[in-house]
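This briefing covers a salt bridge, a surface patch and a strand residue, in that order.

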Amino acid sequence: MMKNEKGSTLAEVMAAFVILLMASQLLLSGSAAARKMERRADEISNMADTLKEQLAEDSEYISGTLRLKIDENTELASDGWLFQKEDRSGQGLEIQVIRIEERD
């Protein structure tokens, strides 16, 4: 006895639908994570810009050569600034920043 193979069975349609749902869920969760990472990167960039503006305008920094000794034979040195500021509003916030110029 031969089967009629002209159409799809209900099980095949349901399996294809489940696979489609799983793939779409992966895409949706990936795009949500990408949006979250983009939003966090924007926040960090905005904070860095604000800090850069305050360092450029404020005279409460010390310029000089910053050195980082890694071990007895290795030391990194670069021009930079040390910025330290205390919050005078009574919250006890203290900001300390080291900024180093990038070399080409």
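The model is a predicted one. A search of the whole structure turns up one salt bridge, and Arg 40 takes part in it together with Glu 43.

- The side chains of Arg 40 and Glu 43 meet at 3.2 Å, N to O.
- Side chains of opposite charge can pair when their charged atoms come close.
- Arg 40 and Glu 43 are three residues apart in helix H1, which means that about one helical turn separates them.
- Glu 43 has a relative accessible area of 39%, so Glu 43 is partly exposed.

**Nonpolar surface patch**

- Phe 17, Leu 20 and Leu 21 form a nonpolar patch on the surface.
- Together, Phe 17, Leu 20 and Leu 21 have about 320 Å² of accessible area.
- One of these residues, Leu 21, lies in helix H1, which covers residues 10-57.
- Leu 21 counts as partly exposed because its relative accessibility is 45%.

**Leu 68 in strand E1**

- Strand E1 covers residues 61-69, and Leu 68 has its place there.
- Setting aside neighbours within four places in sequence, Leu 68 is in contact with Thr 74, Glu 75 and Leu 76.
- Between Leu 68 and Ser 78 the C-alpha to C-alpha distance is 9.0 Å, with the two residues 10 apart in sequence.

Methods. Residues are numbered from 1 along each chain as its sequence is written. This is a predicted model: local features need pLDDT of at least 70, side-chain atom pairs count only at pLDDT 80 or more; totals for chains, interfaces and linings use all residues. Side-chain values use heavy atoms; hydrogens and water are left out. Patches are made of residues with over 30% relative accessible area and no salt bridge: like charges are joined within 9 Å, nonpolar side chains (Val, Leu, Ile, Met, Phe, Trp, Tyr) within 5 Å. Accessible areas come from the Shrake-Rupley method with a 1.4 Å probe; for residues, only the protein chains shown count as cover. A salt bridge is a side-chain nitrogen of Lys or Arg within 4 Å of a carboxyl oxygen of Asp or Glu. Helices (H or I, at least four residues) and strands (E, at least two) are DSSP runs, numbered from the N terminus. Buried means under 20% relative accessible area, exposed over 50%, partly exposed in between (1.4 Å probe, protein chains only). Contact means heavy atoms within 4.5 Å.
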